[in-house]
Amino acid sequence: MFNQLGVIGCGLMGGSFALALKKAGLVKRVVGYSKSPSTTETAKRLGVIDIAAESALLAVAGSDIVLVAVPVAATEATFRAVKHLVDPKVLMMDVGSTKCDVVDAAQRVLGKQIGSFVPCHPIAGKEQSGVQAADATLYQGRQVILTPLPQTDAALIQKATDVWSALGCQVLKMTPQNHDAAFAAVSHLPHLLAYAYFSTIANQSAGRDFLSLAGPGFRDFTRIAASDPAIWRDILLANKQEVLAQSQRFRDMLARFEQLLQQDNAQALEALLQQASEGRSQWQMGQLSGNRPR
């Protein structure tokens, strides 16, 4: 049981974490801060937080657990704003979708307090953003990746593991570098492709007519293109080298498909489609592989 959770960024992720801790009976009081006062007012009205803080520093004051749930581009500024009140016994986590940049920011800013910081990435979310979409069950059954630093207090790593596990999460650990490489492939590039593909259709002269005929397949393929553009701008830029590397691999595979189409090579085309179909049929979300990067 924590006496006080300090949430910096009372949006979907931060708000859902607060509601989840409340639902699990793991926290007595939640203090929240967001850049927009209307967000904290809404969070308080919805029961997501109990007290609205006037600054990020005041959200940390008196808290024994802190969640930084701001866009990744704002992480370093947030660390600078709160570092003076980060106690060595306080568990401080983030929920950023990229980790190398977050870890670099922590190393530049936190100094001796860096032992309190456990970088985290819960693999959860919605297309909707904002505190209105906060959901106490958002993290249930999801994976959470921890990428602790060498200086991170081992007791706080265990405490972070226990907190996420209590919320129904499967907790994994890996290096920040392996995390960013993996999620460029399975999350960041898919978002980029969804945005690009939808734009390709919508910007054609007959795009409106095409969209009127789209069915469930198009809906499912482009679903994530409705995600918050500002958040994904920051993620894509923060992890651009890994995303560009994965994009090139995708281009190479697409070129193989295009070449077989141009050649009318039905047999080879079907074999390539079959390989992908079988792989997708065998895949299960959250299933661990034997060679998972550490």
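The domain bounds I use here come from an automatic or database domain assignment. I am working from a predicted model.

**Domains.** I looked up how the protein chain is divided and found domain 1 at 2-174 and domain 2 at 178-282. I then took the distance between their C-alpha centres, which is 31 Å.

**Interface.** I listed the contacts between the two parts: 15 residues of domain 1 touch 13 residues of domain 2. For the area buried between domain 1 and domain 2 I have about 1,200 Å², with 67% of it from carbon and sulfur atoms. Which three residues supply more than any others of the area that domain 1 buries against domain 2? I noted T98, E127 and M174, which together give 42% of that area.

**Polar side of the interface.** I searched for salt bridges between domain 1 and domain 2, and the rule finds zero. For polar contacts, I counted four residue pairs between the two domains, both residues of each pair being at pLDDT 80 or more. I also sorted the residues on the side of domain 1 that touches domain 2: seven are nonpolar, five polar and three charged.

**Aromatic pairs.** My count by the ring rule came to seven aromatic pairs. I examined F79 and F117, whose ring centres are 5.1 Å apart. I placed F79 in helix α4 (residues 75-82) and F117 in strand β6 (residues 117-118). The two residues are 38 residues apart, and I recorded the pair as a link between distant parts of the chain.

How values were computed:
Residues numbered from 1 in each chain as written. Predicted model: local features only at pLDDT ≥ 70, side-chain atom pairs only at ≥ 80, totals over all residues. Heavy atoms only, no water. Contact = heavy atoms within 4.5 Å. Buried area = accessible area lost by both parts, 1.4 Å probe. Salt bridge = Lys/Arg side-chain N within 4 Å of Asp/Glu carboxyl O. Polar contact = N/O pair within 3.5 Å; in protein donor to acceptor, adjacent residues only side chain to side chain. Nonpolar A, V, L, I, M, F, W, Y, C, P; charged D, E, K, R; others polar. Phe/Tyr/Trp six-rings, centres within 6.5 Å; stacked < 30°, edge-to-face > 60°. Helix = DSSP H or I, 4+ residues; strand = E, 2+ residues; numbered from the N terminus.
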